[in-house]
Amino acid sequence: MIKHKTEHIMPRREMYAWSSLGMSLALLGYYLIAVFGWPSGLEGHSDYITRIFWRVLGIGFLTQLLLDLSKHTSWGKIDKDERDIMIESKGYRNAYYFVMVAVATIAVNVLLSDIIRQVGGNHVIFDSPYMTFHALVIALFITEITKSSTQLYYYLKN
Amino acid sequence: MDDYRIENKIRLLRFQHGEMTQEELSQRVGVTRQTIHSIEASKYSPSLELAFKIAMAFELPIGDVFQYVPEEGTPK
């Protein structure tokens, strides 16, 4: 029989991607609540949800810290190989596509806001620098989520 | 030339080389165990350099480890 290793430790870069995804989702959720407030149905669970956000952030931060600290151990000797780099590049490619579309959409909306207001009335979303800033911050978080999700897709596919 | 794929005999060669584990081979060639697993399952095609390193680990020419074969159903 061909000998198989029974342990199936997740690749280090996959752990990075999971922690990055969790942290980005938690930060995005926290940011949305801080800016727009709690949705009406969730107000009663605010303490519980906030605790989950902090736990996800804490676990993600600790995971990344441990992965960085273990780089000099035997487990961390091979931190990233050519397949990890290929998967990472696909994540960055999709994140780039997303950020380009997001920035272009926001820019067009800002540039055309006056015309849209004159012609159609209240269809302008980013009618103030304040809203434009929030849109850019949200786009930044979603860009990071796109990157991590793409990486996880390719890791799980194999 | 479109309907060709890279096959390999890594699994068999590991067995013939003292039942070498994926972990042992990965350490010899400097990649993660998951990458060796993906290559063995033909889900990832290694770079030429990694292919040479794997062949060297088995002390064989690269052609004895990797083959470029037509997809099944493709006329030869």
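How many residues of chain A are in contact with chain B, and how many of chain B with chain A? There are 9 from chain A and 18 from chain B, where contact is defined as C-beta atoms, placed from the backbone, lying within 7 Å. Keep in mind that this is a predicted model, with local features needing pLDDT of at least 70, side-chain atom pairs counting only at pLDDT 80 or more, and totals for chains, interfaces and linings using all residues. Residues are numbered from 1 along each chain as its sequence is written, while chains are lettered from A in the order in which they are written.

**Where the chains touch**
- Chain A's side of the contact divides into 3 nonpolar, 1 polar and 5 charged residues (Asp, Glu, Lys and Arg count as charged; Ala, Val, Leu, Ile, Met, Phe, Trp, Tyr, Cys and Pro as nonpolar; the others, Gly among them, as polar).

**Helix α3 of chain A**
- Helices here are DSSP runs (H or I, at least four residues), numbered from the N terminus.
- Buried residues of α3(A) include I87(A) and G91(A); buried means 20 or more other C-beta atoms within 10 Å of a residue's own, all placed from the backbone.
- The buried residues of α3(A) pack against α1 and α5 of chain A, together with α3 of chain B.

**Nonpolar cores**
- A nonpolar core is a set of buried Ala, Val, Leu, Ile, Met, Phe, Trp, Tyr and Cys residues joined through C-beta atoms within 7 Å.
- The largest one has 13 residues, and V29(B), I54(B) and V65(B) have the most contacts inside it.
- Its largest share, 4 residues, comes from α4(B).
- A second, separate core of 9 residues includes L21(A) and I87(A).

How values were computed:
Two residues are in contact if their C-beta atoms, placed from the backbone, lie within 7 Å. A residue is buried if 20 or more other C-beta atoms lie within 10 Å of its own, exposed if 12 or fewer, and partly exposed in between; C-beta atoms are placed from the backbone. Helices (H or I, at least four residues) and strands (E, at least two) are DSSP runs, numbered from the N terminus.
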